[in-house]
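Please read the following note beside the sequence and the three-dimensional view. Each numbered point takes up one topic and names the residues to look for.

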Amino acid sequence: MPAAKANSYLADLERDGFVVVKSIVSQEKLEALREASLKVEKLARSGQWPHIRTVGKQFPPWEWNPEKGIWGVQHLMNPDMPGNDIYTSLYFSDEVLSIVRELLQCDDEHLVMELFNMLVRPDGHFELRWHRDDIPAEATPEEEMERLGRPAFHAQYNFALWEDDSLVLVPGSHKRARTETERNADPFEKVLPDQLIVKLEPGDIAFYNNNILHRGVYDHTKDRMTLHGSVGHSGGSTLRARNVLQHGIGSYVDKVDFSKLSDAERERAEAMRKRLVKLGSEAGDVGYSLQG
(Lines give C-alpha, C1' and ligand atoms only; values in the text may rest on other atoms or scores of the structure.)
Protein backbone atom coordinates (compact mmCIF):
# COMPACT_ATOMS: atom_id res chain seq x y z
CA MET A 1 0.00 0.00 0.00
CA PRO A 2 1.47 3.42 -0.91
CA ALA A 3 2.56 5.34 2.19
CA ALA A 4 0.58 8.45 1.23
CA LYS A 5 -2.64 6.45 0.93
CA ALA A 6 -2.05 4.64 4.21
CA ASN A 7 -1.35 7.92 5.98
CA SER A 8 -4.55 9.33 4.50
CA TYR A 9 -6.58 6.37 5.80
CA LEU A 10 -5.11 6.82 9.27
CA ALA A 11 -5.70 10.57 9.22
CA ASP A 12 -9.35 10.02 8.22
CA LEU A 13 -9.85 7.43 10.96
CA GLU A 14 -8.31 9.62 13.64
CA ARG A 15 -10.24 12.72 12.57
CA ASP A 16 -13.64 11.22 11.73
CA GLY A 17 -13.66 7.89 13.59
CA PHE A 18 -14.16 5.95 10.35
CA VAL A 19 -12.58 5.51 6.92
CA VAL A 20 -13.82 3.87 3.71
CA VAL A 21 -11.33 1.96 1.53
CA LYS A 22 -12.55 1.21 -1.98
CA SER A 23 -12.55 -2.23 -3.68
CA ILE A 24 -9.95 -4.11 -1.64
CA VAL A 25 -10.35 -7.52 -3.36
CA SER A 26 -10.49 -8.74 -6.95
CA GLN A 27 -13.83 -9.24 -8.70
CA GLU A 28 -13.15 -12.97 -8.69
CA LYS A 29 -12.70 -13.07 -4.92
CA LEU A 30 -15.77 -10.88 -4.42
CA GLU A 31 -17.88 -13.30 -6.48
CA ALA A 32 -16.57 -16.28 -4.49
CA LEU A 33 -17.47 -14.54 -1.22
CA ARG A 34 -20.95 -13.74 -2.55
CA GLU A 35 -21.54 -17.34 -3.58
CA ALA A 36 -20.47 -18.68 -0.17
CA SER A 37 -22.49 -16.05 1.68
CA LEU A 38 -25.72 -16.79 -0.19
CA LYS A 39 -25.43 -20.39 1.05
CA VAL A 40 -24.68 -19.26 4.59
CA GLU A 41 -27.67 -16.90 4.61
CA LYS A 42 -29.98 -19.68 3.36
CA LEU A 43 -28.68 -22.03 6.06
CA ALA A 44 -29.24 -19.47 8.80
CA ARG A 45 -32.71 -18.40 7.63
CA SER A 46 -33.84 -22.03 7.52
CA GLY A 47 -32.90 -22.48 11.19
CA GLN A 48 -30.00 -24.83 10.46
CA TRP A 49 -27.28 -22.62 11.98
CA PRO A 50 -27.79 -21.85 15.67
CA HIS A 51 -25.39 -18.90 15.89
CA ILE A 52 -27.54 -16.02 14.66
CA ARG A 53 -28.57 -12.49 15.55
CA THR A 54 -32.33 -12.61 16.03
CA VAL A 55 -34.60 -9.73 15.05
CA GLY A 56 -35.59 -7.87 18.20
CA LYS A 57 -32.33 -8.63 20.04
CA GLN A 58 -29.83 -5.80 19.70
CA PHE A 59 -26.77 -7.02 21.59
CA PRO A 60 -25.23 -10.24 22.99
CA PRO A 61 -25.89 -12.73 24.44
CA TRP A 62 -27.45 -13.88 21.17
CA GLU A 63 -30.42 -16.24 21.34
CA TRP A 64 -31.38 -18.92 18.84
CA ASN A 65 -34.94 -18.00 17.99
CA PRO A 66 -35.11 -18.38 14.19
CA GLU A 67 -38.89 -18.05 13.94
CA LYS A 68 -38.45 -14.34 14.80
CA GLY A 69 -36.19 -13.89 11.79
CA ILE A 70 -32.51 -13.00 11.65
CA TRP A 71 -30.37 -9.92 10.99
CA GLY A 72 -26.94 -11.52 11.34
CA VAL A 73 -24.98 -14.77 11.18
CA GLN A 74 -22.26 -15.41 13.76
CA HIS A 75 -18.96 -17.31 13.66
CA LEU A 76 -18.04 -17.42 9.97
CA MET A 77 -14.68 -19.05 10.80
CA ASN A 78 -16.24 -21.82 12.89
CA PRO A 79 -15.09 -25.09 11.22
CA ASP A 80 -18.71 -26.31 11.29
CA MET A 81 -19.73 -23.44 9.01
CA PRO A 82 -19.87 -24.43 5.31
CA GLY A 83 -17.37 -22.28 3.41
CA ASN A 84 -15.46 -21.33 6.54
CA ASP A 85 -12.18 -21.56 4.61
CA ILE A 86 -13.01 -18.63 2.31
CA TYR A 87 -13.88 -16.42 5.30
CA THR A 88 -10.76 -17.47 7.19
CA SER A 89 -8.70 -16.71 4.09
CA LEU A 90 -10.16 -13.20 3.82
CA TYR A 91 -9.85 -12.48 7.54
CA PHE A 92 -6.12 -13.28 7.60
CA SER A 93 -5.38 -11.87 4.12
CA ASP A 94 -2.91 -9.13 3.33
CA GLU A 95 -5.75 -7.18 1.70
CA VAL A 96 -7.36 -6.73 5.12
CA LEU A 97 -4.43 -6.94 7.52
CA SER A 98 -2.19 -4.52 5.63
CA ILE A 99 -4.84 -1.84 6.24
CA VAL A 100 -5.28 -2.95 9.85
CA ARG A 101 -1.54 -2.61 10.52
CA GLU A 102 -1.55 0.90 9.13
CA LEU A 103 -4.59 1.96 11.13
CA LEU A 104 -3.28 0.44 14.36
CA GLN A 105 0.29 1.56 13.63
CA CYS A 106 1.68 -1.85 14.50
CA ASP A 107 3.36 -4.99 13.16
CA ASP A 108 2.06 -8.55 12.81
CA GLU A 109 3.41 -9.41 16.25
CA HIS A 110 0.76 -7.15 17.86
CA LEU A 111 -2.31 -8.43 15.98
CA VAL A 112 -4.97 -10.41 17.85
CA MET A 113 -7.57 -12.65 16.24
CA GLU A 114 -11.06 -11.40 17.08
CA LEU A 115 -14.47 -11.68 15.40
CA PHE A 116 -15.87 -12.38 11.94
CA ASN A 117 -19.62 -12.39 11.37
CA MET A 118 -22.12 -11.41 8.66
CA LEU A 119 -24.94 -8.84 8.75
CA VAL A 120 -27.92 -9.58 6.51
CA ARG A 121 -31.30 -8.19 5.52
CA PRO A 122 -33.64 -8.56 8.51
CA ASP A 123 -36.92 -10.43 8.30
CA GLY A 124 -39.13 -7.40 8.91
CA HIS A 125 -38.30 -3.86 10.01
CA PHE A 126 -35.39 -3.65 12.44
CA GLU A 127 -32.94 -1.00 13.52
CA LEU A 128 -30.40 -0.55 16.29
CA ARG A 129 -30.49 2.25 18.80
CA TRP A 130 -27.76 4.87 19.04
CA HIS A 131 -24.86 3.39 21.00
CA ARG A 132 -21.16 2.98 21.56
CA ASP A 133 -20.17 -0.70 21.51
CA ASP A 134 -18.41 -0.82 24.87
CA ILE A 135 -19.72 2.24 26.73
CA PRO A 136 -23.22 2.01 28.24
CA ALA A 137 -25.80 4.71 27.56
CA GLU A 138 -25.92 5.48 31.28
CA ALA A 139 -22.24 6.49 31.35
CA THR A 140 -21.49 10.01 32.58
CA PRO A 141 -19.44 12.35 30.38
CA GLU A 142 -16.45 11.63 32.63
CA GLU A 143 -16.92 7.86 32.22
CA GLU A 144 -17.22 8.25 28.47
CA MET A 145 -13.99 10.22 28.27
CA GLU A 146 -12.16 7.77 30.54
CA ARG A 147 -12.60 5.14 27.81
CA LEU A 148 -12.45 7.42 24.78
CA GLY A 149 -9.22 8.93 26.04
CA ARG A 150 -7.42 5.62 25.62
CA PRO A 151 -6.28 4.05 22.32
CA ALA A 152 -8.97 2.08 20.51
CA PHE A 153 -6.79 -1.10 20.35
CA HIS A 154 -8.95 -2.52 17.55
CA ALA A 155 -9.85 -2.20 13.88
CA GLN A 156 -13.53 -2.98 13.36
CA TYR A 157 -14.93 -3.14 9.86
CA ASN A 158 -17.87 -3.68 7.53
CA PHE A 159 -16.99 -5.30 4.18
CA ALA A 160 -19.87 -4.97 1.73
CA LEU A 161 -20.65 -7.82 -0.67
CA TRP A 162 -23.55 -5.81 -2.11
CA GLU A 163 -24.37 -2.11 -1.77
CA ASP A 164 -24.76 -1.11 1.86
CA ASP A 165 -25.97 2.10 3.49
CA SER A 166 -26.96 0.69 6.87
CA LEU A 167 -24.31 2.24 9.13
CA VAL A 168 -25.17 5.69 10.48
CA LEU A 169 -22.68 7.54 12.67
CA VAL A 170 -21.68 10.93 14.02
CA PRO A 171 -18.18 11.77 12.70
CA GLY A 172 -15.74 12.84 15.40
CA SER A 173 -17.87 11.52 18.27
CA HIS A 174 -15.17 8.91 19.07
CA LYS A 175 -13.13 11.73 20.63
CA ARG A 176 -15.71 13.40 22.84
CA ALA A 177 -18.51 12.76 25.28
CA ARG A 178 -22.05 13.03 23.97
CA THR A 179 -23.55 16.48 23.65
CA GLU A 180 -26.67 17.30 25.66
CA THR A 181 -28.72 16.87 22.47
CA GLU A 182 -27.26 13.39 21.87
CA ARG A 183 -27.63 12.39 25.51
CA ASN A 184 -31.27 13.41 25.66
CA ALA A 185 -32.28 12.14 22.22
CA ASP A 186 -34.61 9.22 21.71
CA PRO A 187 -32.46 6.06 21.35
CA PHE A 188 -34.00 5.58 17.89
CA GLU A 189 -33.83 9.25 16.88
CA LYS A 190 -33.98 9.34 13.08
CA VAL A 191 -31.56 12.24 12.68
CA LEU A 192 -28.89 13.56 15.04
CA PRO A 193 -26.91 16.73 14.27
CA ASP A 194 -23.99 16.07 11.89
CA GLN A 195 -24.85 12.38 11.42
CA LEU A 196 -23.60 10.66 8.28
CA ILE A 197 -24.78 7.55 6.39
CA VAL A 198 -21.79 5.41 5.37
CA LYS A 199 -22.40 4.28 1.79
CA LEU A 200 -20.46 1.27 0.52
CA GLU A 201 -20.25 -0.20 -2.96
CA PRO A 202 -19.63 -3.96 -3.39
CA GLY A 203 -16.07 -4.73 -2.33
CA ASP A 204 -15.66 -1.56 -0.24
CA ILE A 205 -14.65 -1.81 3.39
CA ALA A 206 -15.38 0.71 6.16
CA PHE A 207 -13.19 0.67 9.26
CA TYR A 208 -14.57 2.48 12.29
CA ASN A 209 -13.88 3.01 15.96
CA ASN A 210 -16.60 0.95 17.62
CA ASN A 211 -17.03 3.53 20.37
CA ILE A 212 -18.07 6.18 17.87
CA LEU A 213 -21.72 7.13 18.37
CA HIS A 214 -23.51 5.01 15.78
CA ARG A 215 -26.54 2.91 14.93
CA GLY A 216 -27.72 0.44 12.28
CA VAL A 217 -30.78 1.11 10.12
CA TYR A 218 -31.80 -1.97 8.14
CA ASP A 219 -34.11 -1.96 5.14
CA HIS A 220 -35.91 -5.32 5.04
CA THR A 221 -36.89 -4.76 1.40
CA LYS A 222 -33.26 -4.62 0.19
CA ASP A 223 -30.75 -7.47 0.06
CA ARG A 224 -27.77 -7.05 2.32
CA MET A 225 -24.73 -9.18 3.03
CA THR A 226 -21.92 -7.39 4.80
CA LEU A 227 -19.02 -9.12 6.50
CA HIS A 228 -18.53 -7.65 9.95
CA GLY A 229 -15.16 -8.23 11.57
CA SER A 230 -12.62 -6.91 14.02
CA VAL A 231 -8.91 -7.35 14.64
CA GLY A 232 -7.34 -6.47 17.96
CA HIS A 233 -4.04 -5.00 19.17
CA SER A 234 -2.28 -6.88 21.96
CA GLY A 235 -1.91 -3.63 23.88
CA GLY A 236 -5.65 -3.69 24.48
CA SER A 237 -5.39 -6.69 26.80
CA THR A 238 -8.41 -6.93 29.12
CA LEU A 239 -9.75 -3.60 27.80
CA ARG A 240 -10.80 -5.50 24.65
CA ALA A 241 -11.68 -8.79 26.34
CA ARG A 242 -15.37 -8.19 27.02
CA ASN A 243 -16.04 -6.73 23.56
CA VAL A 244 -14.68 -9.88 21.94
CA LEU A 245 -15.35 -12.76 24.31
CA GLN A 246 -19.03 -11.87 24.90
CA HIS A 247 -19.75 -13.21 21.39
CA GLY A 248 -18.77 -16.78 22.29
CA ILE A 249 -15.68 -17.16 20.11
CA GLY A 250 -13.99 -19.14 22.87
CA SER A 251 -16.20 -22.15 22.07
CA TYR A 252 -14.45 -22.83 18.75
CA VAL A 253 -11.32 -20.69 18.43
CA ASP A 254 -8.97 -23.64 18.94
CA LYS A 255 -10.62 -25.52 16.04
CA VAL A 256 -10.43 -22.82 13.34
CA ASP A 257 -8.78 -24.39 10.29
CA PHE A 258 -5.76 -22.57 8.86
CA SER A 259 -4.72 -25.35 6.44
CA LYS A 260 -5.80 -23.43 3.31
CA LEU A 261 -3.65 -20.41 4.15
CA SER A 262 -0.17 -19.84 2.74
CA ASP A 263 2.77 -20.68 5.02
CA ALA A 264 3.29 -17.02 5.92
CA GLU A 265 -0.42 -16.42 6.52
CA ARG A 266 -0.72 -19.58 8.62
CA GLU A 267 2.19 -18.56 10.84
CA ARG A 268 0.63 -15.13 11.36
CA ALA A 269 -2.82 -16.63 12.02
CA GLU A 270 -1.50 -19.11 14.60
CA ALA A 271 0.21 -16.29 16.47
CA MET A 272 -2.95 -14.17 16.37
CA ARG A 273 -4.99 -17.08 17.72
CA LYS A 274 -2.52 -17.64 20.57
CA ARG A 275 -2.91 -14.01 21.61
CA LEU A 276 -6.71 -14.39 21.67
CA VAL A 277 -6.48 -17.58 23.77
CA LYS A 278 -4.13 -15.78 26.17
CA LEU A 279 -6.60 -12.90 26.40
CA GLY A 280 -9.41 -15.32 27.24
CA SER A 281 -7.40 -17.14 29.90
CA GLU A 282 -6.46 -13.88 31.61
CA ALA A 283 -9.85 -12.17 31.40
CA GLY A 284 -12.09 -14.73 33.12
CA ASP A 285 -15.84 -13.99 33.17
CA VAL A 286 -16.24 -10.77 31.18
CA GLY A 287 -20.04 -10.31 31.14
CA TYR A 288 -21.69 -8.17 28.44
CA SER A 289 -21.05 -4.61 27.27
CA LEU A 290 -24.63 -3.51 26.60
CA GLN A 291 -28.14 -4.67 27.42
CA GLY A 292 -30.97 -5.18 24.94
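Predicted model: local features only at pLDDT ≥ 70, side-chain atom pairs only at ≥ 80, totals over all residues.

1. The largest pocket holds about 470 Å³ of space. Its lining consists of 23 residues, and those that lie nearest its centre are Leu13, Glu14, Pro151, Ala152 and Asn209. Two or more lining residues come from each of helix H1 (3-16), helix H4 (94-104), helix H5 (141-148), strand E6 (154-160) and strand E9 (205-208). Sorted by class, the lining has 11 nonpolar, eight polar and four charged residues.

2. The second largest pocket has a volume of about 230 Å³. Here 17 residues form the lining, with Trp130, His131, Ala137, Arg178 and Leu213 nearest the centre. By class, this lining has nine nonpolar residues, one polar residue and seven charged residues.

3. Which residues touch the most other members of the largest nonpolar core? They are Met113, Phe159 and Leu227, in a core of 57 residues. Strand E4 (residues 111-120) gives this core its largest share, seven residues. A second, separate core has nine residues, among them Ala160, Leu167, Leu200 and Ala206. As a general point, nonpolar side chains in soluble globular proteins tend to be buried together.

4. When residues up to four places away in sequence are not counted, Met113 touches Met77, Tyr91, Phe92, Ile249, Val253, Val256, Phe258, Met272, Arg273 and Leu276.

5. Helix H4, named above for the largest pocket, also has a set of buried residues: Val96, Leu97, Ser98, Ile99, Val100, Leu103 and Leu104. Just after H4, Gln105 takes a positive phi of about 55 degrees.

6. Strand E9 is covered on both faces. Ile205 and Phe207 are buried on one side, while Ala206 and Tyr208 are buried on the other. E9 runs antiparallel to strand E1 (residues 18-21), to which four bridges join it; within this pairing, Val20 has Ala206 as its bridge partner. E9 also pairs with E6 over four bridges, again in the antiparallel sense. In that case Tyr157 has Phe207 as its bridge partner.

7. An open sheet is formed by four strands in the order E5-E10-E7-E8, with antiparallel pairing. Strand E5 (126-127) and strand E8 (196-200) stand at the edges; each has a single partner strand, so one side of each is left without a neighbour in the sheet. Strand E7 (residues 164-169) is joined to E8 by four bridges, and Leu169 has Leu196 as its bridge partner in E8.

8. Leaving out residues up to four places away in sequence, Leu261 touches Thr88, Ser89, Phe92, Arg266 and Ala269. The C-alpha atoms of Leu261 and Leu90 are separated by 9.7 Å, although these two residues are 171 residues apart along the chain.

Technical notes: Residues numbered from 1 in each chain as written. Heavy atoms only, no water. 1 Å grid on protein atoms, 1.4 Å probe; cavity = no way out; pocket = protein on both sides within 12 Å on 5 of 7 lines; lining within 4 Å. Points joined across faces, edges and corners; volume = space filled by probe spheres on them. Nonpolar A, V, L, I, M, F, W, Y, C, P; charged D, E, K, R; others polar. Core = buried A, V, L, I, M, F, W, Y, C linked by side-chain atoms within 4.5 Å. Buried < 20%, exposed > 50% of the residue type's maximum accessible area, 1.4 Å probe, protein only. Contact = heavy atoms within 4.5 Å. Pairing = 2+ DSSP bridges.
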